[in-house]
Amino acid sequence: MIECMHVFKRYKNGTNALYDINVKVDQGEFVYIIGPTGSGKSTLIKLLDGEETPTKGMVKVVGINVGELKARQVPIYRRNIGVVFQDYRLLPTKTVFENIAYALEVINMKKPQIQRRVREVMDVVSLNDKGNSFPKELSGGQQQRVAIARALANRPKVLIADEPTGNLDPGKSDEIMELLEKINLTYGTTILMVTHDLTLVNKFRKRTIVLEHGHIVADLKEGGYVRHDQ
């Protein structure tokens with residue numbers, strides 16, 4: 001599903017972000033990516049979603065060599081991937097229903113299909129009664145649920161969650177984790193979750209990849225306990 005082979009990333013300003021990254025994630029896995037600021041987490045995500053290309057090595061996602069994609073091919077490739085951000089990135093002038101529908105309108109899905117699919121994902125994230133609400137009328141946890149629904153709308157094979165609980169209190173963070181687990185188990189969606197919340201990592205045990213200074217320093221296959229000094 002996801003494979004990085006001897007991946008290096010050096011930016012034009014001379015910054016070396018990743019060194020010889022080798023990792024394989026199978027279909028249906030739920031994997032945490034953790035590490036301090038500057039460890040390479042964001043760069044790895046950018047390589048996976050086609051925003052950046054590796055300096056050396058190969059990044060393959062759903063069988064596609066991402067580094068070889070032409071610029072015009074990247075939007076089509078990204079239909080395989082849903083991304084959830086810490087700051088939600090909802091459109092403030094659109095309702096919940098319209099925010100989710102927008103993700104399908106941009107790929108030219110027909111209106112009846114959009115209506116049906118939006119209702120489906122609103123049910124998945126338990127927001128059936130919020131379709132006509134605007135983002136400012138929702139709690140942080142509800143806004144993140146909308147963001148997750150939008151990311152799921154196109155039935156992506158991979159869901160990348162970039163600090164999805166970063167703006168939430170512990171109770172709401174647990175709810176978002178339980179929702180992501182539900183999506184992973186129900187649909188078999190492969191989930192990569194970048195997080196700084198080690199309390200969450202240790203509570204909801206998953207495979208955990210630890211980055212430091214651009215290197216993978218640990219790959220805890222069974223979600224072993226992660227110390228807070230890592």
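Student: In which strand does Lys9 lie?

Tutor: Helices (H or I, at least four residues) and strands (E, at least two) are DSSP runs, numbered from the N terminus. Lys9 belongs to strand S1, which covers residues 2-10. The model is predicted, so local features need pLDDT of at least 70 and side-chain atom pairs pLDDT 80 or more, whereas totals for chains, interfaces and linings use all residues. Residues are numbered from 1 along each chain as its sequence is written, and side-chain values use heavy atoms, leaving out hydrogens and water.

Student: Is Lys9 buried or exposed?

Tutor: Buried means under 20% relative accessible area, exposed over 50%, and partly exposed in between (1.4 Å probe, protein chains only). Lys9 has a relative accessible area of 8%, and therefore it is buried.

Student: Which residues is Lys9 in contact with, leaving aside its neighbours within four places in sequence?

Tutor: A contact means heavy atoms within 4.5 Å. With those neighbours left aside, Lys9 is in contact with Thr15, Asn16, Ala17, Leu18, Thr43, Leu47, Glu52, Thr53, Pro54 and Thr55.

Student: Over which ring does the charged end of Lys9 sit?

Tutor: A charge sits over a ring if NZ of Lys or CZ of Arg is within 6 Å of the ring centre and within 35 degrees of the ring normal. The charged end of Lys9 is placed over the ring of Tyr11, at 5.1 Å from its centre. Lys56 lies over the face of Phe8, with 4.7 Å to the ring centre.

Student: How many aromatic pairs does the structure hold?

Tutor: Rings of Phe, Tyr and Trp (its six-membered ring) pair if their centres lie within 6.5 Å; planes under 30 degrees apart are stacked, over 60 edge-to-face, and the rest tilted. The structure holds one such pair. Its rings are those of Phe30 and Tyr32, with centres 5.8 Å apart and planes at 65°, so the pair is edge-to-face. Phe30 counts as buried at 7% relative accessibility, and Tyr32 counts as buried at 0%.

Student: Where is Ser133 placed?

Tutor: Ser133 is in the loop between helix H4 (111-124) and H5. With a relative accessible area of 14%, Ser133 is buried. Apart from its neighbours within four places in sequence, Ser133 is in contact with Thr95, Val96 and Leu138.

Student: What is the volume of the largest pocket?

Tutor: The largest pocket has a volume of about 830 Å³. On a 1 Å grid over the protein atoms alone, a cavity is a set of points where a 1.4 Å probe fits but cannot get out, and a pocket is an open set with protein on both sides within 12 Å along at least five of seven lines; lining residues have an atom within 4 Å of a point. Of the 25 residues that line the largest pocket, Arg78, Ile81, Gly82, Val83 and Phe85 are the closest to its centre. Helix H1 (41-48), strand S6 (81-85), helix H3 (96-105) and helix H5 (140-152) each give two or more residues to this lining. S6 gives the most, with four residues.

Student: Which residues line the largest cavity?

Tutor: The lining of the largest cavity consists of Ile2, Cys4, Val23, Val25, Ile33, Leu44, Leu48, Leu192, Ile209 and Ile216. S1, strand S2 (16-25) and H1 are the elements that give two or more residues to it. The volume of the largest cavity is about 60 Å³.

Methods:
Grid points are joined across faces, edges and corners, and a volume is the space filled by probe spheres set on the points.
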